[in-house]
Amino acid sequence: MNLGMSIAVYATISKELGLPLRFPGSDKAYKALYQVTSAEILAKATVWAGQSDAAKDEIFNITNGDYFRWQYLWPRIAEMFEMDIADPAPIYP
């Protein structure tokens with residue numbers, strides 16, 4: 001799943017409403033360390049797992065070693081959309 005499109009839609013709606021870009025989660029999630037992977041590595045791992053007997057009935061966590069924290073990325077996203085940011089605001093159902 002790619003969050004890029006969802007974040008872009010969220011930012012666009014927030015901007016249209018005149019709102020600052022708020023991270024839609026807790027402060028703890030905003031500051032947590034996350035691992036990510038590229039679509040290419042994930043695709044290769046998926047093909048391998050689907051074709052390899054060694055992967056049968058196993059669970060894998062695929063990552064390429066890239067790390068980030070939203071607290072550093074979120075302001076850059078806001079800057080791309082020419083928006084102010086504000087403190088995180090959890091959105092619950």
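Modeller: Helices, of at least four residues, and strands, of at least two, are DSSP runs numbered from the N terminus. Please note that the model is predicted.

Colleague: With that in mind, where is Asp57 found?

Modeller: Asp57 sits in the loop that runs between helix H3 (39-51) and strand E3 (66-68).

Colleague: Is Asp57 buried or exposed?

Modeller: Exposed means over 50% relative accessible area. Asp57 counts as exposed because its relative accessibility is 75%.

Colleague: What is the phi of Glu82?

Modeller: Glu82 is not a glycine either, yet its phi is positive, about 55°. Glu82 lies in the loop between H4 and strand E4 (85-86), and its relative accessibility of 69% makes it exposed.

Colleague: Which residues is Ile77 in contact with, leaving aside its neighbours within four places in sequence?

Modeller: With those neighbours set aside, Ile77 is in contact with Ile7, Leu21 and Trp70.

Colleague: How does one describe aromatic rings that pair?

Modeller: A pair of aromatic rings is described by the distance of the centres and the angle of the planes. A search of the whole structure finds eight aromatic pairs. One of them, Phe23 with Trp70, is tilted, at 5.8 Å centre to centre and 40° between the planes.

Colleague: Why does this pair tie together parts that are 47 residues apart in sequence?

Modeller: Phe23 lies in the loop between strand E1 (21-22) and helix H2 (27-31) whereas Trp70 lies in helix H4, so the pair joins parts 47 residues apart in sequence. Phe23 is buried, with a relative accessible area of 9%, and Trp70 is buried at 9%.

Colleague: What form does the pair of Trp48 and Phe60 take?

Modeller: That pair is edge-to-face, with 5.3 Å centre to centre and 80° between the planes. Trp48 is in helix H3 and Phe60 in the loop between H3 and E3, twelve residues apart. Trp48 is partly exposed at 42%, and Phe60 is partly exposed at 41%.

Methods: Residues numbered from 1 in each chain as written. Predicted model: local features only at pLDDT ≥ 70, side-chain atom pairs only at ≥ 80, totals over all residues. Heavy atoms only, no water. Contact = heavy atoms within 4.5 Å. Buried < 20%, exposed > 50% of the residue type's maximum accessible area, 1.4 Å probe, protein only. Phe/Tyr/Trp six-rings, centres within 6.5 Å; stacked < 30°, edge-to-face > 60°.
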